[in-house]
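Work through the exercises below with the sequence and the coordinates at hand. Each task is followed by a solution in steps.

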Amino acid sequence: MKSTQVIETSSPFLALVDAFRDFPALAEKYPRANEAIRYVFIVAFFLVRVVFWVPCSAAFWRDATALLDPATPSHGVPDAVVYSVLLLNLGLTLLQFHWASLIGKAAKKMLLGDTSDRAGEAKRK
């Protein structure tokens, strides 16, 4: 499995969290499943998008910066492209950490039993 596929493994759990938000009756009918899927998403997100992201990103930077070395045999990739993908990776990394901080705050509230933010989370149609 490629790293681009691995990074999405937390997405199905997020989709389930959203399903419970979109259908409050479902959350009321299956409150334990609603809570469980939230915890599963949190664990999956942090493992995949924080813990595993960092070494994968570091390896990506090593590979990409090697292309900038004048001693590297010609590969045909312009330096501007290499710098662009490195900048995009930096942006994605910062985005992962931003989401992690938001999810971490929500996880802390969940662990403390604070459900005050949940009253308005059901999406209104």
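**Exercise 1.** Locate Arg 21 in the secondary structure, and decide which accessibility class Arg 21 counts as.

Solution. Step 1: Arg 21 is found in helix α2, where helices are DSSP runs of H or I with at least four residues, strands are runs of E with at least two, and numbering starts at the N terminus. Step 2: the classes are buried (under 20% relative accessible area), exposed (over 50%) and partly exposed in between, with a 1.4 Å probe and protein chains only. Step 3: the relative accessibility of Arg 21 is 26%, so Arg 21 counts as partly exposed. Step 4: Asn 34 lies 13 residues from Arg 21 along the chain, and their C-alpha atoms are separated by 9.0 Å.

The model is a predicted one, in which local features need pLDDT of at least 70 and side-chain atom pairs count only at pLDDT 80 or more, while totals for chains, interfaces and linings use all residues. Residues are numbered from 1 along each chain as its sequence is written, and side-chain values use heavy atoms, with hydrogens and water left out.

**Exercise 2.** Describe how α2 and α4 are arranged, and list the residues that make the contact.

Solution. Step 1: axes are lines fitted to C-alpha atoms, for helices over the stretch in contact, and angles run from 0 to 180 degrees between N-to-C directions. Step 2: the axes of α2 (residues 11-22) and α4 come within 8 Å and cross at roughly 150°. Step 3: angles under 35 degrees count as roughly parallel, over 145 as roughly antiparallel, 65 to 115 as roughly perpendicular and the rest as oblique. α2 and α4 are therefore roughly antiparallel. Step 4: with contact meaning heavy atoms within 4.5 Å, α2 contributes Ser 11, Phe 13, Leu 14, Leu 16, Val 17, Phe 20 and Arg 21, and α4 contributes Ala 33, Asn 34, Ile 37, Arg 38, Val 40, Phe 41, Ala 44 and Arg 49. Step 5: these residues divide into 10 nonpolar, two polar and three charged; Ala, Val, Leu, Ile, Met, Phe, Trp, Tyr, Cys and Pro count as nonpolar, Asp, Glu, Lys and Arg as charged, and the others, Gly among them, as polar.

**Exercise 3.** Find the angle and the axis distance at which α4 packs with α5, then with α6.

Solution. Step 1: α4 and α5 (residues 53-66) pack at about 20°, with their axes 5 Å apart. That makes α4 roughly parallel to α5. Step 2: Val 48, Arg 49, Val 50 and Val 51 of α4 meet Trp 53, Val 54 and Pro 55 of α5, a contact with six nonpolar, no polar and one charged residues. Step 3: α4 (residues 31-51) and α6 (residues 79-111) pack at about 145°, with axes 11 Å apart. Step 4: the contact of α4 with α6 has 13 nonpolar, two polar and three charged residues.

**Exercise 4.** Is Val 82 buried or exposed, and which residues does Val 82 touch?

Solution. Step 1: Val 82 is found in α6. Step 2: its relative accessibility is 2%, so Val 82 counts as buried. Step 3: leaving out residues up to four places away in sequence, Val 82 touches Ala 64, Leu 67, Leu 68 and Val 77. Step 4: Thr 65 is 17 residues from Val 82 in sequence and 7.5 Å away, C-alpha to C-alpha.

**Exercise 5.** Summarise the chain.

Solution. Step 1: the chain has six helices and zero strands. Step 2: buried residues make up 22% of its 125 residues.
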